[in-house]
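This briefing covers a metal site and a sheet. Have the coordinates open as you read.

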Amino acid sequence: MIYMLEDESGIRNFVLYALNNSGFEAVGFETPSEFYKAMAERIPDLLLLDIMLPEESGITVLKKLRSEKATKKLPVILLTAKSTEFDKVTGLDSGADDYISKPFGTMELISRIKALLRRSYDNDNSDNIAIKNLVIYPLKHEVYFQGNKITLTLKEYELLLILAKNRGRVFSRDELLQYVWGYDFKGESRTVDVHIRTLRSKLGSDCELIETIRGVGYKIGDAK
Ligand code: CA
């Protein structure tokens, strides 16, 4: 889920339309108060944040997010008409992960979003992951399940890793396609299902590690 806080409805609608068409779930907000209300319900995977807003500036919103434990690491891309070097530095100093100046093309925006999401899903690459009977050693690319070493193809491994690193988070098939295969196209979700099936069979027929969330996608474990 991507949130966008932008008061100009033209830009907001245009970007939301492009994101939805690229397989992202995205919701827009006109004012910080609307945005905070939604944040209390659900924290997104990434935020597109305008700087010049009613009520308070995007920089103030960003500082608030960074001071809260739950949103300290929320990936944020600042969108703004201000493009001087000074503003760029101010934005990044206040904790933005990336910065894009208006006017921007949706292709560029989407590729920055993907890069940032990939970075955020991939962080802490050195830590071993242990969930139930599964242990992954990312540095060695090794997977053990119930004490047995499991040999996986690269895609199976990446699929397992992204689910395990984000335990408890449900990924849609489209999201998995994008992050593991880098594909944009819809209608290929069968690719994901096929790989999940082979993963499960390699982990063992009684494997309930990877859960199917009906009508949505897949997840591993419960959030910590
Ligand atoms: Ca604005």
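Why is aspartate 7 classed as partly exposed rather than buried or exposed? Its relative accessible area is 26%, and the partly exposed class lies between under 20% for buried and over 50% for exposed. Note that this is a predicted model.

**Calcium site**
- Asp7 (OD), Asp50 (OD) and Met52 (O) coordinate the calcium ion, at 2.1 to 2.3 Å.
- Along the chain, the spacing of these donors reads D-x42-D-x1-M.
- The aspartate pair links distant parts of the chain, 43 residues apart.
- Aspartate 7 sits in the loop between strand 1 (2–5) and helix 1 (9–21).
- Aspartate 50 belongs to strand 3 (residues 46–50).
- Aspartate 50 has a relative accessible area of 1%, so it counts as buried, the cut-off being under 20%.

- Strands pair through backbone hydrogen bonds, in parallel or antiparallel fashion.
- Here four strands make an open sheet, ordered 6-7-8-9, with antiparallel pairing.
- Strand 6 (129–131) and strand 9 (148–150) are the edges, and each pairs on one side only.
- From one strand to the next, the twist averages 20°.

**Strands 8 and 9**
- Strand 8 (residues 142–145) and strand 9 run antiparallel and are joined by three bridges.
- Phenylalanine 145 is opposite asparagine 148 of strand 9.

**Helix on the sheet**
- Helix 6 (residues 154–165) packs on the sheet and touches strand 6, strand 7 (134–137) and strand 8.
- The direction of helix 6 makes about 110° with that of strand 7.

Terms used
Residues numbered from 1 in each chain as written. Predicted model: local features only at pLDDT ≥ 70, side-chain atom pairs only at ≥ 80, totals over all residues. Heavy atoms only, no water. Donors = N, O, S within 2.8 Å, 3.2 Å for Na, K, Ca; no water. Helix = DSSP H or I, 4+ residues; strand = E, 2+ residues; numbered from the N terminus. Buried < 20%, exposed > 50% of the residue type's maximum accessible area, 1.4 Å probe, protein only. Pairing = 2+ DSSP bridges. Axes fitted to C-alpha atoms, helices over the stretch in contact; angles between N-to-C directions. Contact = heavy atoms within 4.5 Å.
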